[in-house]
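Hello,

Here is the structure I promised to pass on. Please load it before you read the notes.

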Amino acid sequence: MRISNVPLQSPLEVAPTINPRLLALDDNTWRQATLSLTVRLAESAVQRDRQGGSAQAEKQLIRQSGLLRLSIPRYLGGYGSYWPEIYRTTRYLAAVDSSLAHLFAFHHLQVVTLQLFGSAQQQQQWLSRTVEQDWFWGNATNGRDTSLQLRREEEHYQLHGSKSFCSGALGADVLMVSAPRGPRPEDRVFLVVPAQRDGLLVNDDWDGFGQRQTDSGTVNFEGVFVDPSDLLEQGLGTVRASLRTCFSQLVLVQIYLGNAVGALDSAVRYIRERARNWPGSTAESPTEDALIQLRMGDLWTQLQAASALADRAAERLQQLWESAEPTPLERGELALQIAEAKLLSARAALDITSQVFETMGARATSARFGFDRYWRNVRVHTLHDPLDHKQKDIGRWLLTGEPPAPSVYS
């Protein structure tokens, strides 16, 4: 049964959760669904961040929203949405609940992985079932973790070992898994593994101080059965398939920016509603304080600049996604744009999520507000792969004209 005609709209208009000046959602068919979802997530975001663990009830809200079908092609029952819009939706979710935005975006990353590496038959098989059963995809693709082995056993394969940093694996319906084929991290094969297969154990052992509900723990594989048809080998070695890293890196950018937006939005609300004048200030209210205005103007400008680079990179990625055969040069130029967006977004987010406290004051550090979660989320996420390497790639291009080479992280 196809459900592509089910509207992604709530029957009632929902007010924006985030100040539209800071981040406005696109006027698309799932705008109201996104707003409704963020309202629900915002109700418990601070409490859930404090307690950690797995947010399975909130993942169910995402299933019910219909937003898991955005990246699935229309001919397979999905919505075939544009990636710049999917990324902006991710950014908006991250402004309210960074962990759940992470899981939402990583679901779509696995969906696009299937489209990049899977045959037409494999896409039909797995994506149709994703639509029909509202599947949530999880990730077990950490390229640097090569402890997982794919072994041939006569007519089939078996997986032995483990994977770390498996965001979204806990409670997922199906996993995208990568197994090494050689010593280099990028020399790997992707495969699809339903989460209920025997020998698969997803551990609830993620304990990062940020992104606390991303279920980014380990997965153990003890002789997990893999049919040859589960291997995704259609796009191996092509420039188009190497776009997967570009999709992945732009997910990180949205998480950075979303947290920056959330922190700035929280600061604006707090200053208007709760902040008190410092005794030395001559302003009538904190909103009229010239020093607060000065600092907020700086943070806003940083956010605007980083967002512009992120949007430019997303638009270019969409263009190459629609191209039948992107060239190595086009792919390299895109990777450079993404590196620029990631570097500036990370630095802006780290600065914004820290500096907002200078505008709010000591009372804003109370745990009941949870304002510290924005910085913790960004600090953890910006360590995914070193920013220094992104900066080096940009400098090398500037000096030599050589763009970043395709890899697991560029």
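Predicted model: local features only at pLDDT ≥ 70, side-chain atom pairs only at ≥ 80, totals over all residues.

Residues are numbered from 1 along each chain as its sequence is written, and side-chain values use heavy atoms, without hydrogens and water.

Backbone. Most residues other than glycine have a negative phi. Glu 154 has a positive phi of about 55°. Glu 154 sits in the loop between β2 (149-153) and β3 (156-163); strands are DSSP E runs of at least two residues, helices H or I runs of at least four, numbered from the N terminus. Glu 154 is exposed, at 71% relative accessible area (exposed is over 50%, buried under 20%, partly exposed in between; 1.4 Å probe, protein chains only). Gln 211 has a positive phi of about 50°. The loop between β6 (200-202) and β7 (219-226) holds Gln 211. Gln 211 is buried, at 1%.

Cavities. There are 3 of 30 Å³ or more. A cavity is a set of points on a 1 Å grid over the protein atoms alone where a 1.4 Å probe fits but cannot get out; lining residues have an atom within 4 Å of a point. Points join across faces, edges and corners, and volume is the space filled by probe spheres set on them.

- The largest cavity has about 110 Å³. Its lining has 15 residues, with Ala 45, Asp 49, Asp 97, Ser 98 and Ser 99 nearest the centre.
- α6 (243-273), α8 (328-360) and α10 (387-400) each supply at least two lining residues.

Best wishes

Definitions and conventions. 1 Å grid on protein atoms, 1.4 Å probe; cavity = no way out; pocket = protein on both sides within 12 Å on 5 of 7 lines; lining within 4 Å.
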